[in-house]
Amino acid sequence: MIISRQKPFPEILAALQQTPRVFLVGCAKCATVCKSGGEEEVWQMQEALSAAGKEVSGSLIIDEACHMLRAGRDLRGKKEQVEEADALLVLACGAGVQSIAAASAKITVSGTDTLFLGNIRRFGQFEQRCSLCGNCLLTETAGICPVTLCPKGVLNGPCGGMDNGRCEVDAEAECAWFQIYELLKSQSRLERLATITPPKDFARMLKPGKLKIEK
Ligand code: SF4
Ligand code: SF4
């Protein structure tokens, strides 16, 4: 899921300085789980904005704010409230904010910072395990991503700084390559470490990414 965090309220308020009337948009998926833009956070934002002297013309929680057709359709369903607003404050990931910006000519304000693609460790605890490199190595690395979990992104590790299985960049963390070694060993696949992984093809990470599934 996409991990996002709500911006500090003074920052949001500053972005809304020229816009007295605001319509709020949240997302029922990732932003709800991250508590950056679910129903509760939208309601709290409405209270906070009202207390700060803003007029909130209405609000909407879109099932998946990143779904452009759905975002457009849901906004049209609230046409009058949206029309009354000077700006749309969106509490969703960057993809969701851009769905709204594409669907409306109103000023769009992002109320969140989008951080990473994350795994959910447990409620309220998220971890980055994939950096979306476009050329997955996990089959070769025992399911542990060195591109993400090694701070240097070393593809043929470990680096010379590993100390007793600990990472030289973060002594609290286990070296990603130590973990890979231990797992490959337990799977009797240590010969894999004799194969040099070539440098990453960064062309596979070209932005903006696009994928069209042909049937
Ligand atoms: S190698 Fe790592 S960053 Fe690349 S796709 Fe696989 S998990 Fe993601
Ligand atoms: S100690 Fe391991 S995880 Fe840390 S930078 Fe070196 S190879 Fe990467």
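**Entry 1**

To be near, a residue needs its C-beta atom, placed from the backbone, within 6 Å of the molecule. I counted Ala, Val, Leu, Ile, Met, Phe, Trp, Tyr, Cys and Pro as nonpolar, Asp, Glu, Lys and Arg as charged, and the others, Gly among them, as polar.

A note to myself: this is a predicted model, where local features need pLDDT of at least 70 and side-chain atom pairs count only at pLDDT 80 or more, while totals for chains, interfaces and linings use all residues. Residues are numbered from 1 along each chain as its sequence is written, and chains are lettered from A and ligands numbered from 1 in the order in which they are written.

**Entry 2: ligand 2**

Next I looked up ligand 2, which has 15 residues around it; Cys 150, Cys 159, Met 162, Cys 167 and Cys 175 come nearest. I sorted its shell into 11 nonpolar, 2 polar and 2 charged residues.

**Entry 3: the cores**

Which residues touch the most other members of the largest nonpolar core? They are Leu 24, Val 25, Ala 65, Leu 88, Val 90, Ala 92 and Ile 100, out of 34 residues. Such a core is a set of buried Ala, Val, Leu, Ile, Met, Phe, Trp, Tyr and Cys residues joined through C-beta atoms within 7 Å. Buried means 20 or more other C-beta atoms within 10 Å of the residue's own, exposed 12 or fewer, and partly exposed in between.

I then found a second, separate core of 9 residues, including Ile 144 and Cys 167.

**Entry 4: Ser 36**

I found Ser 36 in the loop between H2 and H3; helices (H or I, at least four residues) and strands (E, at least two) are DSSP runs, numbered from the N terminus. Is Ser 36 buried or exposed? Ser 36 counts as buried because it has 25 C-beta neighbours inside 10 Å. Glu 174 is 138 residues away from Ser 36 in sequence and 30 Å away in space, C-alpha to C-alpha.

**Entry 5: a sheet**

Last, I traced an open sheet of 3 strands, in the order S1-S6-S7, with antiparallel pairing. Strands pair if DSSP finds at least two bridges between them. S6 (residues 112-122) and S7 share 4 bridges, and I saw Gly 118 opposite Gln 128 in S7.
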